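Me: I have just opened this one and would like a slow walk through it. Could you help me find my way around?

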Amino acid sequence: MTFDLFVIPFFGGLLFLIGVLFYKYSRWIALMDASDRVKAGMALFSVSLLKTLKEIFMESLLHRRMFKRNPLLGYMHMSFALGWLLLIAMGNLESRVYSGGHINPPYYPIFLKFFIHDKRVLPFEIFTLPGFFRFTMDLLLLFVLSGLVLALFKRTRSKWFGLKRTTKHNSFDKWAITSLWLIFPMRLLAESLTAGIYKGGGFLTNTLGSFLAAFLPEQSLAYPAWWAYSTMLGIFFVTLPWSRFMHIPTEIILIFLRNAGIKQGKYPGSFSEIELRACPRCGVCIDVCQMNEAGLTGSTAVYFIRSLREQQSDVKLNSNCMMCGRCLEACPVGIDTLGLRVGARGIDNRLMTPDFAYLPQKPALEKKAEVVYFAGCMGHLTPAVKSAMLLIFKNAGIAYNFLDEDGSICCGRPLKLAGLAESASQLQKENTRKLKETRAKILVTSCPICYKTFHSDYLLEDMQVMHHSVYIDKLIQEGNLVLRPAGFRAVYHDPCELGRGSGIYEQPRNVLKQITELADVAEERANSLCCGGSIGELQMNATQRNTIRNGAINILCESEPEVLVTACPLCKKTFQSANSIIVKDIAEIVAENMIKTGVKQKQTELAFMDAGS
Amino acid sequence: MQKKAINFGYSITPDRQIDFDANDRGICKRVALAEPSLNLCISCGTCASTCSAAIFTDFSLRQVILLLRRGETQDLEKAISKCMLCGKCQLVCPRNVNTRNLVIQISKALGERPPVRQG
């Protein structure tokens, strides 16, 4: 017997799912740019495929990043993904033991225990081939069921899993998750009841089967149980493409495309469509989002992505985000949430058409210097930072040009974050011209927002872009600047654009350690908090911003430091407005604690100090 | 044939009375709905004095808001297109007006308004 009517819900569901996936995959390929398609095609036959396979194994099956977040959460996801895959693979091999090595119809291995009752195998036998399979299959089922038990606990005890808040599901998600959760208990029930009737099964199904036989009419219950098992599989497969579980077949594609070197590109486009569906709505991004503190719970990355996927893009939801990148850092799938947000904002704000033809085409600065300094809009708003930097240049004896002494042309990053990349490029063009005309080797900027865009969006050829904290570190290492310890207690706040945005964590700390007693902060480096002043945020009101700012200050000042040091004029201005702690920029701290004045004086001054001691 | 007037050294300035009946103040209402902090503005002009764009051209958010409130929206589109969204005005505003979103919302409201009928 190799067929029974009850396999139809499963088999029909599977065929439906394959059909839908085939349609979706073809659409994605059709939507792709021709050059990306070539890249993807090449990647199929290159070494990057090995990397892709490894990443799929590590992330989609083992859930490495989930484990890093929380071991229990990682185990739960692994038991479902790896356990189920192994069940399918082992089941397939087991079915071949009975079919003489032939490939069977897809439903046959899934419902093998219904079709085959091998009475030669004892329930606890593991050293024969059929016995080994029977044992392993029961073990794997137990593995998946253990994950299911954890998933049930997660509903009420999410804190055990490192999650304060979990994702709210929509109706497709509820159908899919209910059927998914019922699949494995139904399989256990069906196999156990059948094992009870035929005195077969492995260590798990045989034991449960014999136990149930004591008080249940197994003969009449087994067949309905197989129907239930098959139906649950069918419901899961049919709802999958519209539920969060679409991430299973999509994440694999995303990993492949990413390793093939394909970028997000235009929104909406093929890659962004894939990213939207690769989101498993695991909810890891919810807790890290500071917007929750301001009561803006609806615009968290997971709900933002869902709104785009369901074609219900909402201006408020798209605008309410500080673009701090904490969700990006936490996302186990590595979805570029910020890029998607910028894309969606571009559509929202398409009616805004800035025109910067008025910018003066002034000739280059007369003076030639190795270094050009750009204070930026925010640098001009915090004159202390600007003056401190000029003092440092002077004391280190560096010849510099102050590019925006008479006022900055914005770097373009605020426009870019509002989704208006084309308008931003007008500003980029003008700034690039001005910068290139200085013929400087190093561009020093005080604002991490400018730094980020100068560094990653501008084409400045051989001009090196440096944030002032990095430049100060360089001056110290080259011996052009000597600092004296001042001994006060300080904490350092990593600005989003400098830390997470540009990966600069160590240089500011190296500098500060020479002057202050630097204390650690609970949320620092890649987990650093946003100050709340973000120019990436478009709609949040001042009260909400203040709530976020105060929350960040509370965590930063847990160790009761005397000074809160940051490296961003905007962060400084924001924190300062709370009036609860002295806030200083790293440049100010350095300018106040330099003992050396200029390269030329270096030798004499050191000699003097030697003589004095 | 035009008569040549005697030049007395002064001229007649155009009528500056604000006709609220003729002006379109609907745009201001729409913007205020989208960005309620518009209503907090006291026209102090701090925004205009710190403006990055104002260094290079005559752009004043204070003036934009005044014209918007009066419903004199004819030339606003051109004025608002000068903004670089840098956010300095938002940081200095003593009334915490969300100026960046205000600029976006004004552009949107102006862009969405039906084309002006000719003649």
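Me: How many Å separate the centres of domain 1 and domain 2 of chain A?
Reply: The centres of domain 1 of chain A and domain 2 of chain A, taken over C-alpha atoms, are separated by 60 Å. Please keep in mind that this is a predicted model.

Me: And which residues belong to each domain of chain A?
Reply: Chain A is divided into domain 1, which covers 62-229, domain 2, which covers 371-476, and domain 3, which covers 482-592.

Me: Let's take the sheet with β1 in it. What is the order of its strands?
Reply: The 4 strands of that open sheet in chain A come in the order β2-β1-β3-β4, and their pairing is parallel. Because β2 (400-402) and β4 (464-467) of chain A stand at the edges with a single partner strand each, one side of each is left without a neighbour in the sheet. From one strand to the next, the twist averages 25°.

Me: How many bridges are there between β1 and β2 of chain A?
Reply: Strand β1 of chain A, residues 371-374, pairs with β2(A) over 3 bridges in the parallel sense, and A:Y373 stands opposite A:F402 in β2(A).

Me: Which strands does helix α23 of chain A lie across?
Reply: Helix α23 of chain A, residues 448-456, lies across β1, β3 (442-445) and β4 of chain A, and the helix runs at about 160° to β4(A).

Me: Now the sheet with β5. Which strands stand at its edges?
Reply: This open sheet of 4 strands in chain A has the order β6-β5-β7-β8, with parallel pairing. The edges are taken by β6 (517-519) and β8 (582-585) of chain A, each with a single partner strand, so one side of each has no neighbour in the sheet. The twist in this sheet averages 35° from one strand to the next.

Me: Could you go through the pairings there, strand by strand?
Reply: Strand β5 of chain A, residues 489-493, pairs with β6(A) in the parallel sense over 3 bridges, with A:A490 opposite A:L518 in β6(A). On to the next pair, β5(A) and β7(A) run parallel and are joined by 4 bridges, and A:V491 has A:L564 in β7(A) as its bridge partner. Finally, β7(A) and β8(A), which also run parallel, are joined by 4 bridges, and here A:L564 stands opposite A:V583 in β8(A).

Me: Where do helices α25 and α27 of chain A lie?
Reply: Helix α25 of chain A, residues 506-513, lies across β5, β6 and β7 (563-566) of chain A and runs at about 170° to β5(A). Helix α27 of chain A, residues 569-576, lies across β5, β7 and β8 of chain A, running at about 170° to β8(A).

Me: Changing topic to helix packing: at what angle do α8 and α10 of chain A pack?
Reply: Helix α8 (residues 129-156) and helix α10 (residues 203-213) of chain A pack at an angle of about 80°, and their axes are 7 Å apart. The two helices α8(A) and α10(A) are therefore roughly perpendicular to each other. On the α8(A) side the contact is made by A:F135, A:D138, A:L141 and A:L142, and on the α10(A) side by A:F203, A:L204 and A:T205. Those contact residues divide into 5 nonpolar, 1 polar and 1 charged.

Me: And what about α15 and α18 of chain A, how do they pack?
Reply: Helix α15 (residues 301-309) and helix α18 (residues 337-348) of chain A pack at about 50°, with axes 11 Å apart, and α15(A) and α18(A) are therefore oblique to each other. Their crossing is left-handed. In this contact, A:A301, A:F304, A:I305 and A:L308 of α15(A) meet A:T337, A:L340, A:R341 and A:A344 of α18(A), and the residues divide into 6 nonpolar, 1 polar and 1 charged.

Me: Is the peptide bond from A:Y267 to A:P268 cis or trans, and where does A:P268 lie?
Reply: That peptide bond from A:Y267 to A:P268 is cis, with omega near -10°, and A:P268 lies in the loop between α12 (247-259) and α13 (270-278) of chain A.

Me: One last topic, the two chains: how many residues of chain A are in contact with chain B?
Reply: In chain A, 25 residues are in contact with 23 residues of chain B. The elements giving two or more residues to this side of chain A are α19 (376-381) and α21 (413-417). The residues of that side divide into 16 nonpolar, 6 polar and 3 charged.

Definitions and conventions. Residues numbered from 1 in each chain as written. Chains lettered and ligands numbered in written order. Predicted model: local features only at pLDDT ≥ 70, side-chain atom pairs only at ≥ 80, totals over all residues. Contact = placed C-beta atoms within 7 Å. Nonpolar A, V, L, I, M, F, W, Y, C, P; charged D, E, K, R; others polar. Axes fitted to C-alpha atoms, helices over the stretch in contact; angles between N-to-C directions. Parallel < 35°, antiparallel > 145°, perpendicular 65-115°, else oblique. Left-handed = near helix turned anticlockwise from the far one by under 90°. Pairing = 2+ DSSP bridges. Domains from an automatic or database assignment.
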